[in-house]
Amino acid sequence: MTAFSTESQQTWQRLFPTQAWWKTSAWKLVILAVLAGLLLAIMFLISLMVVDLFDNHGRLVLTSEELQVAGDLFGDSLGVTTPTVTTNLSETIVLEDRGILATLWHFRDRLWTRPLIQLYQQMPALQQNSSALVVLLLAGAVVGLLRGLTLSGCRLISARVGIRSADQFRRSLHRQAMRLGPSDLLDEKVNEAYKLFVNDTAVIRDGVSAYVYRLGLHPITLTVLTLLAVITSPRLFMQMLFPLLGCWLLVERERTRNTQAKRLAEAEAEHRTNVLAESLLKTRLIRGYSMEPFESEQFTRHLEQSSKATITFRKRDVFSRWLCWLLVLGCVLVIVLLMGIKVLLPADHSQHLQLSEITLLSLCFGFAYRPLAKLRQFRSLYKETALATERIERYLKHIPEVGQAVGAKFLDPLAKAITFENVTYAANGKTLLDQLELKIPAGGMTVIASANPLEARAMLYMLPRFLEPQNGRVLIDGEDIAWVTFESLRAETLYVGGPDPFFTGSVLDNITCGDDKYVLSDAIAAAKRVHAHNFIQRLPNGYETRLGEHGEQLDASEAYRLGLARAILRNPTLLILEEPENIESDEAKSMIDDAHDQVAQGRSVIIIPSRMHTIRKSDRIVLLYQGKVATMNTHSNLLSGNELYRHWEYTKFNVFRHMGGS
């Protein structure tokens with residue numbers, strides 16, 4: 001066993017241990033699979049009786065001696081007086097239009113005929129050809145329907161088991177994403193979690209479902225089919241088994257080899273096509289240096305190689321297809337020959353078989369193909385599902401960057417100052433904050449200006465402890481926020497804007513965040529303060545309008561004002577804002593300006609600006625450069641006395657780079 005298969009088995013043991021068959025409803029599938037197998041056997045036996053009825057037309061020829069045995073076996077339903085002792089034993093009696101009597105007589109020694117003989121005696125409808133055919137067809141339809149319902153039950157059970165496994169991982173992913181997400185400055189882990197949640201859990205769901213369904217159903221089905229075939233004719237079963245099994249293995253092996261060759265040929269063809277098409281993109285180089293003859297020669301050579309390789313593969317593909325067809329044809333001829341010999345043997349020959357028995361054997365082998373093919377795909381199923389499980393498990397092993405300290409204490413609202421002491425932070429090997437030293441007094445509006453937006457965002461993410469300094473510390477009123485409770489810190493420090501403007505849900509839920517202590521009137525009052533009420537009223541259902549997935553979408557200005565309403569409802573002492581880019585209309589800009597005036601009353605506001613107007617009305621500007629504080633002053637003082645600030649202002653807000661951004 002290879003190392004990969006061992007690792008996959010270990011992963012599967014964690015994903016779906018043996019005990020899970022009993023702890024989940026998977027054991028019910030095994031019971032239904034046994035029932036489905038029995039119903040399949042009954043369907044085949046009904047098919048045998050139908051074919052036998054077509055073959056013998058309900059006609060049975062008995063000698064006097066056989067008639068006496070039949071009389072004891074079938075009783076009055078035979079409809080013939082039992083011969084006396086003086087009757088000539090060589091005399092034959094022909095019974096016409098007797099339904100399934102001939103079938104029951106021929107298979108009288110089989111175990112399954114005993115209950116059918118009793119049923120034949122009690123049901124006159126089975127004693128005539130036409131009525132017997134109707135009864136058999138109706139019985140076959142009912143049994144087929146029951147088996148279909150049973151298989152549907154198996155699929156539902158396996159689906160529930162698969163969904164259960166996927167849901168366990170989805171809960172774990174959700175918990176882990178909530179722990180890791182706030183610290184994910186570049187949203188890499190968030191995107192990874194999203195892909196795992198959407199794609200890999202679906203692979204696990206389908207993989208576990210298929211695993212339970214195939215392993216619970218197909219082995220039982222194959223066992224029933226094998227037993228039925230062996231009971232019918234052990235000798236012919238063995239004679240048919242090896243040619244069919246060998247043919248199937250050879251055909252599957254050839255198909256696998258041809259599929260691999262096709263993938264390789266397609267990759268090579270794509271490479272050659274790219275080489276051929278390369279000249280189309282370099283016409284100036286070719287014409288400029290008079291390379292036409294050389295390029296033409298190169299093009300012709302590559303084109304001939306590509307055509308030759310394509311033709312070679314096509315020939316191999318045709319050969320492979322013909323080989324598969326010849327194998328199948330040869331196997332079919334051998335099987336037909338074997339079956340034909342058995343049917344054509346004299347009726348009194350020990351190896352003679354009825355046409356109905358041959359039909360039953362053919363059905364057994366035909367129905368065995370799909371279960372065998374599905375079981376053969378177990379390796380790829382194992383591999384794909386195990387890999388998806390391992391990817392999720394690796395993500396779940398990540399340790400969160402930020403955690404609440406044991407014995408953390410309550411933080412009082414900001415009253416004096418925010419201090420960054422020797423703060424260092426790096427992401428993906430790149431330093432964003434380098435021994436940052438900064439003290440921001442409480443109150444007023446502070447702008448964080450930086451040529452690298454990630455520097456400003458990393459700095460401000462530390463205030464609600466989305467990020468943790470890798471060195472240094474952040475203090476609020478002299479208290480290290482690493483030692484305070486999340487609840488008290490985040491009740492007074494709220495972040496608005498950035499990549500998370502709103503979530504899927506109603507407008508009211510987006511403002512109250514599902515907190516029952518806030519009612520509709522509170523949400524309306526908050527929305528009015530930041531000029532969000534009017535556009536909310538214009539939505540199809542007002543505050544009950546669903547936003548997000550399959551709901552209404554908001555533009556950048558509306559989403560930002562909705563976030564301001566969400567924050568102002570909670571009345572924090574520190575508000576961190578990330579102003580949206582590309583606000584087009586003057587009306588929207590005016591409403592945001594007034595909203596800023598509203599939210600700045602009585603609290604500290606720190607903002608990452610996107611418009612010059614916001615910068616001009618701020619109380620102070622902190623300019624970051626290469627992870628350090630370059631300077632802190634007012635806009636007018638910096639504009640007149642700091643060359644680095646003038647360069648930042650020009651590159652971010654000049655008219656050629658940002659039309660209409662004032």
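The expected span of a helix is 1.5 Å times one less than its number of residues, where helices (H or I, at least four residues) and strands (E, at least two) are DSSP runs numbered from the N terminus. This is a predicted model, in which local features need pLDDT of at least 70, side-chain atom pairs count only at pLDDT 80 or more, and totals for chains, interfaces and linings use all residues. Residues are numbered from 1 along each chain as its sequence is written, and side-chain values use heavy atoms, without hydrogens and water.

Q: How far apart are the end C-alpha atoms of helix α11?
A: Helix α11 covers residues 292-344, which makes 53 residues.

Q: Are α8 and α12 roughly parallel or roughly antiparallel?
A: Axes are lines fitted to C-alpha atoms, for helices over the stretch in contact, and angles run from 0 to 180 degrees between N-to-C directions. Helix α8 (residues 188-232) packs on α12 with the axes 9 Å apart and an angle of about 155°. Angles under 35 degrees count as roughly parallel, over 145 as roughly antiparallel, 65 to 115 as roughly perpendicular and the rest as oblique. The pair α8 and α12 is therefore roughly antiparallel.

Q: How many nonpolar residues does the contact of α8 with α12 have?
A: Contact means heavy atoms within 4.5 Å, and the α8 side includes Arg214, His218, Leu222 and Leu225, while the α12 side includes Glu357, Leu360, Cys364 and Phe367. Ala, Val, Leu, Ile, Met, Phe, Trp, Tyr, Cys and Pro count as nonpolar, Asp, Glu, Lys and Arg as charged, and the others, Gly among them, as polar. By these classes the contact of α8 with α12 has three charged, three polar and, as nonpolar residues, 13.

Q: What is the handedness of the crossing of α3 and α12?
A: The axes of α3 (residues 26-56) and α12 come within 8 Å and cross at roughly 145°. A crossing is left-handed if the near helix is turned anticlockwise from the far one by less than a right angle, and right-handed if clockwise. For α3 and α12 the crossing is right-handed.

Q: How many charged residues are in the contact of α3 with α12?
A: Among the residues that meet are Phe44, Leu48, Val51 and Asp55 in α3 and Leu355, Glu357, Leu363 and Phe367 in α12. By class, nine are nonpolar and three are polar, and the charged residues number three.

Q: Which residue just after α3 takes a positive phi?
A: The 31 residues of α3 should span 45 Å, and its end C-alpha atoms are 45 Å apart, which agrees. Most residues other than glycine have a negative phi. Just after α3, a positive phi of about 55° belongs to His57.

Q: Is Arg465 buried or exposed?
A: Arg465 is found in the loop between α14 (453-461) and β6 (471-476). Its phi is positive, near 60°, in a residue other than glycine. With a relative accessible area of 2%, Arg465 is buried.

Q: Is Asn571 buried or exposed?
A: Asn571 has a positive phi of about 50° although it is not a glycine. Its place is the loop between α19 (556-568) and β11 (574-578). The relative accessible area of Asn571 is 52%, so the residue is exposed.

Q: Which residues does Ser233 touch, not counting those up to four places away in sequence?
A: Ser233 is in the loop between α8 and α9. At 8% relative accessibility, Ser233 counts as buried. Beyond its sequence neighbours up to four places away, Ser233 touches Leu353 and Leu361.

Q: How far apart in space are Ile615 and Ala449, C-alpha to C-alpha?
A: Ile615 lies in helix α21 (residues 612-616) and is buried, with a relative accessible area of 0%. Leaving aside neighbours within four places in sequence, its contacts include Val447, Tyr645, Trp648 and Phe653. Ile615 and Ala449 are 166 residues apart in sequence, and their C-alpha separation in space is 9.1 Å.

Technical notes
Buried < 20%, exposed > 50% of the residue type's maximum accessible area, 1.4 Å probe, protein only.
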